[in-house]
There are 2 protein chains.
Amino acid sequence: MINIAVLGYGTVGSGVVEVINTNYKSINAKAGDEINIKYVLDLRDFPDNPIQNKIVHDFDVILNDPEVTIIAEVMGGIEPAYTFVKKALEAGKSVCTSNKELVARHGLELLNIARDKDINFLFEASCGGGIPIIRPLNSSLTADEIDEITGILNGTTNYILSEMQAHGSDFEEVLKEAQDKGYAERNPEADVEGGDACRKIAILSSLAFGRHINYEEIYTEGITSISATDIKYVKAMGNSIKLLATSKKTKDGFYAMVSPVIVTPKSPLYSVNGVFNAIFVHGNVLGDAMFYGSGAGKLPTASAVVADIVDMARHSHCNVIVNWTSKALELMDIGAVKNRFFIRIKGEKAQRLPEVQKVFGEVETFELPDVEGEFAFISSKMSEADYQEKATKVDGIITMIRARM
Amino acid sequence: MINIAVLGYGTVGSGVVEVINTNYKSINAKAGDEINIKYVLDLRDFPDNPIQNKIVHDFDVILNDPEVTIIAEVMGGIEPAYTFVKKALEAGKSVCTSNKELVARHGLELLNIARDKDINFLFEASCGGGIPIIRPLNSSLTADEIDEITGILNGTTNYILSEMQAHGSDFEEVLKEAQDKGYAERNPEADVEGGDACRKIAILSSLAFGRHINYEEIYTEGITSISATDIKYVKAMGNSIKLLATSKKTKDGFYAMVSPVIVTPKSPLYSVNGVFNAIFVHGNVLGDAMFYGSGAGKLPTASAVVADIVDMARHSHCNVIVNWTSKALELMDIGAVKNRFFIRIKGEKAQRLPEVQKVFGEVETFELPDVEGEFAFISSKMSEADYQEKATKVDGIITMIRARM
């Protein structure tokens, strides 16, 4: 019997208990032993719930119980999660977590402790919810040098953008709906401002490129400024808009960024809608690959946590090699990153186009029949710095959105 | 240093050598040791190729060299691959293979030998080319009870169907083109008759359901009877046609089948075109997931073989647990499997519809402006046996294609 403890009985924690109960037999068969939830740590009590007789309020009970060899941290936030996980690893207990903040900030240190102790620190659920992506990066794509990872990594923002595109609604309106349905938090900042996707792409990139990326250095833009009119143009062009988190190796170096991006139907990310997530990976020998699934939600996330528990049970005295070194990955200056830009301009096209073309060169223009007094165009590929400089020379820019085409 | 041997210097074998040479440093870092190709077995000589000084013609040289601990079998076909792989495993050498015929027929026996010897028999490249699917099924989706796997598992047929849909061409015409481009073999039977997809779904299902499936028991239909007119209807409906290999757990039992199927834009498989493959998986807690990428080709397939080599190097004395038991999975009688059916009927719709509806009930009908003297309809969901029985009662059925909608 393998005794485990679950830290936190919130959405994911209760999901972990539910998944282990639901698939008890098959999970034990795959783990090669019986998985027994010995403790659940939570500040609260759950008097009418059978979980109550496993509830403890003091982490030291778990830490000091030598029978507990595996811990699942699903509390979220940096503290006390960080202190608990570090103490657990130092005490020789393997830990898995769904906590992207913890992994983005302290993952490297925690991985090193696990390696020294010949135990494991796993975090499949921290990126892409139920989508298997961490383990494929660690164990499957090992023949490749990865040169790009681009993901739709946040279900809330993908849901909001999908709804805006389906119904022509405004951001604020859809956000409110999403909050009422439980798809967005009451305090949605981490999702809609891109911070959640930023932490996730930092984790994925550190694994894929084998070098540590400080998430605070990643250029990050959210979706709050996307308007219903922007979406109208995007739809009229036959394209779609997604919050993409990208890291890419170019001939000038590595860059990473999170921002809304217009994608064409040719992109496999084009049809990833609603709360689904997807992670596109390009390897130098593999070519294109994509991993798609439920990026969030109680049971999908719990499925990934429990898969980590099974993996730790199988590898009780064998550290799973993870390719995330302390060598820092220097990111290029964002000004040197090249993109195409979708730009909306105030004024009549006939009148203003010559002036625009003087600055941006030949451009493809778009007008909407029901939106007057403006037009839009897509620039050629240029550096962000180039764009910024050109943008100062053209009056009346309403919006700029990056475009992959 | 880890000495390996590659059996076969054809397309995949030369790809394996190329991948190891190209990504030498990063592969060795991930393997934790230097991977050295000591021998390449082939009947031929390659006098002007640097590979020549590794070429041996006699398998016993490899078998009897205690320095060789890992073997990659990429010859294809049952013999001599089976004999070589079995001998290698019995001699305590870990083996990986891209050979779906070998794995579908002898995988279970070879896995058992590997387990007894505490070494590994891996076969990531046997299904879905470069797409990581075997390892995710073994190690990532362990919290779930998988209830469905449906894949586009054959690049040749997906390319042919995509081209037929893009250009309205006939099967024979596109097959010839595909042969000229090297996307289809001169003897294309294994691809176009579905045999290749059948072996792959047998392997994936045995792993996912943990019980052995005999590929010879899987109902298999190819794409040779799909006509340009069929495709016209499918496009007019806004749908797409794919050769799907499916295995599914239903309340009446498990079934597996390979056949052309009409899918709607709602399916994540709808937009998988050209030589790309994709594998859709549904888990009871995970929900939907999909894995997408290059399903064939020299380098993508070699990427998967080399990932197996790295995995074997990391786990030199540790058997990777694989959930494929000798307990046979009983498949339902195909007659009990339920589907919807797209059916083309000879004659004028006005005249023949009452007769059709008498047998099939209310149906949705379709007519093409430029195809006279026939119409088509999609039936409600019914068992295959039900369909067969009803079909005998309606004259002039031109085509039947299954439909998922």
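Colleague: How do you know that the copies meet through the same surface?

Modeller: 100% of the interface residues of chain A are also interface residues in chain B, so the two copies use the same surface. Bear in mind that this is a predicted model.

Colleague: How many residues of chain A are in contact with chain B?

Modeller: 46 residues of chain A are in contact with 46 residues of chain B. A contact here needs C-beta atoms within 7 Å. Helix 1 (11-22), helix 2 (24-31), helix 6 (134-140), strand 13 (287-294) and helix 12 (298-314) of chain A each bring at least two residues to that side. Helix 12 of chain A gives the most, with nine residues. By kind, the residues on the side of chain A that touches chain B are 22 nonpolar, 16 polar and eight charged.

Colleague: Why are helix 1 and helix 12 of chain A called roughly perpendicular?

Modeller: Their packing angle is about 65°, with the axes 8 Å apart. Angles of 65 to 115 degrees count as roughly perpendicular. Helix 1 and helix 12 of chain A therefore get that label. Helix 1 of chain A passes helix 12 of chain A in a right-handed crossing. Among the residues making the contact are Gly15(A) and Val19(A) of helix 1, and Ala302(A) and Val306(A) of helix 12. The contact residues divide into eight nonpolar, four polar and two charged.

Colleague: Which residues of helix 2 of chain A meet helix 12 of chain A?

Modeller: Ile27(A), Lys30(A) and Ala31(A) do. Their partners in helix 12 of chain A are Val306(A), Val310(A), Ala313(A) and Arg314(A). Helix 2 and helix 12 of chain A pack at about 35°, with axes 8 Å apart. Five of the contact residues are nonpolar, none is polar and two are charged.

Colleague: What makes strand 3 and strand 6 of chain A edge strands?

Modeller: Look at the order of the sheet. Six strands of chain A form an open sheet, 3-2-1-4-5-6, with parallel pairing. Strand 3 (55-56) and strand 6 (121-122) each have a single partner strand, so one side of each is left without a neighbour in the sheet.

Colleague: How do you know that strand 1 and strand 2 of chain A pair?

Modeller: Six bridges link strand 1 (residues 2-7) and strand 2 (residues 35-41) of chain A in the parallel sense. The cut-off is at least two bridges. Pairing therefore holds. Asn3(A) stands opposite Asn36(A) in strand 2 of chain A.

Colleague: How many bridges join strand 5 to strand 6 of chain B?

Modeller: Two bridges join strand 5 (residues 94-97) to strand 6 of chain B, and the strands run parallel. Cys96(B) has Leu122(B) as its bridge partner in strand 6.

Conventions
Residues are numbered from 1 along each chain as its sequence is written. Chains are lettered from A and ligands numbered from 1 in the order in which they are written. This is a predicted model: local features need pLDDT of at least 70, side-chain atom pairs count only at pLDDT 80 or more; totals for chains, interfaces and linings use all residues. Helices (H or I, at least four residues) and strands (E, at least two) are DSSP runs, numbered from the N terminus. Ala, Val, Leu, Ile, Met, Phe, Trp, Tyr, Cys and Pro count as nonpolar, Asp, Glu, Lys and Arg as charged, and the others, Gly among them, as polar. Axes are lines fitted to C-alpha atoms, for helices over the stretch in contact, and angles run from 0 to 180 degrees between N-to-C directions. Angles under 35 degrees count as roughly parallel, over 145 as roughly antiparallel, 65 to 115 as roughly perpendicular and the rest as oblique. A crossing is left-handed if the near helix is turned anticlockwise from the far one by less than a right angle, and right-handed if clockwise.
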